[in-house]
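Here's a quick briefing to read alongside the structure. Have a look at it, then work through the points below.

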Amino acid sequence: MAETYDLILKGGTVVNHDGEAPRDIGIRAGRFAAIGNLMHASAGEVIDCRGLHLLPGVIDSHVHFASRASPTRRTWKAARAGAVLGGVTAVFEMPNTDPATTDAAAVADKVKRGHHRMHCDFAFYVGATRENTKDLGELEMLPGVAG
């Protein structure tokens with residue numbers, strides 16, 4: 001029995017860990033379900049992607065969002081919109097913000113502010129200071145921490 005997808009992106013040049021080659025992408029429930037030759041599959045919608053490159057989303061592991069203390073700088077709203085418009089699927093914010101992300105309370109505050117507001121996956125780095133060196137092992141394991 002042929003596989004069924006919600007959407008098939010047909011014949012685009014897929015660039016992934018295997019290299020660059022013409023492939024089909026089957027999408028089901030908003031997620032990639034198959035990559036390869038899907039000529040025997042069916043879908044609610046098929047988009048001809050011949051002549052187009054299909055690239056994976058970008059993970060930006062070094063971003064600087066604006067701080068709450070500096071309202072004239074770029075806002076989280078602008079930064080998150082710019083990220084997804086550029087094909088970014090995840091951002092990891094650096095800790096040198098105001099206030100700095102150097103303790104569990106700062107991490108929890110940022111995760112709370114990002115929850116249901118970010119348009120992509122996100123995480124935060126915890127900054128090392130003289131005051132928190134002994135806690136870094138625990139801090140890096142907190143939900144929302146990338147390292």
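Predicted model: local features only at pLDDT ≥ 70, side-chain atom pairs only at ≥ 80, totals over all residues.

**The hairpin**
- Strands β2 and β3 make a hairpin, with 2 residues between them.
- β2 covers residues 19–28 and β3 covers residues 31–36; the two run antiparallel, joined by 5 bridges.
- Across the pairing, Gly 26 sits opposite Ala 34 in β3.
- In the turn, Ala 29 has a positive phi of about 55°.

**Aromatic pairs**
- How many aromatic pairs does a search of the whole structure find? It turns up 2.
- Phe 92 and Tyr 125 have ring centres 6.2 Å apart and planes at 80°, so they count as edge-to-face.
- That pair ties together distant parts of the chain, 33 residues apart: Phe 92 is in strand β7 (residues 88–93), while Tyr 125 is in the loop between β8 (121–124) and α3 (136–139).
- Phe 122 and Phe 124 are also edge-to-face, at 5.6 Å centre to centre with 65° between the planes.
- Buried or exposed, what about Phe 124? Phe 124 is buried, with a relative accessible area of 2%, whereas Phe 122 is partly exposed at 23%.
- Phe 92 is partly exposed, with a relative accessible area of 23%.

**Cysteines**
- A search of the whole structure comes back with 0 disulfides.
- Cys 49 is buried at 3% relative accessible area, and Cys 120 counts as buried at 12%.

Technical notes. Residues numbered from 1 in each chain as written. Heavy atoms only, no water. Disulfide = S-S within 2.5 Å. Buried < 20%, exposed > 50% of the residue type's maximum accessible area, 1.4 Å probe, protein only. Pairing = 2+ DSSP bridges. Helix = DSSP H or I, 4+ residues; strand = E, 2+ residues; numbered from the N terminus. Phe/Tyr/Trp six-rings, centres within 6.5 Å; stacked < 30°, edge-to-face > 60°.
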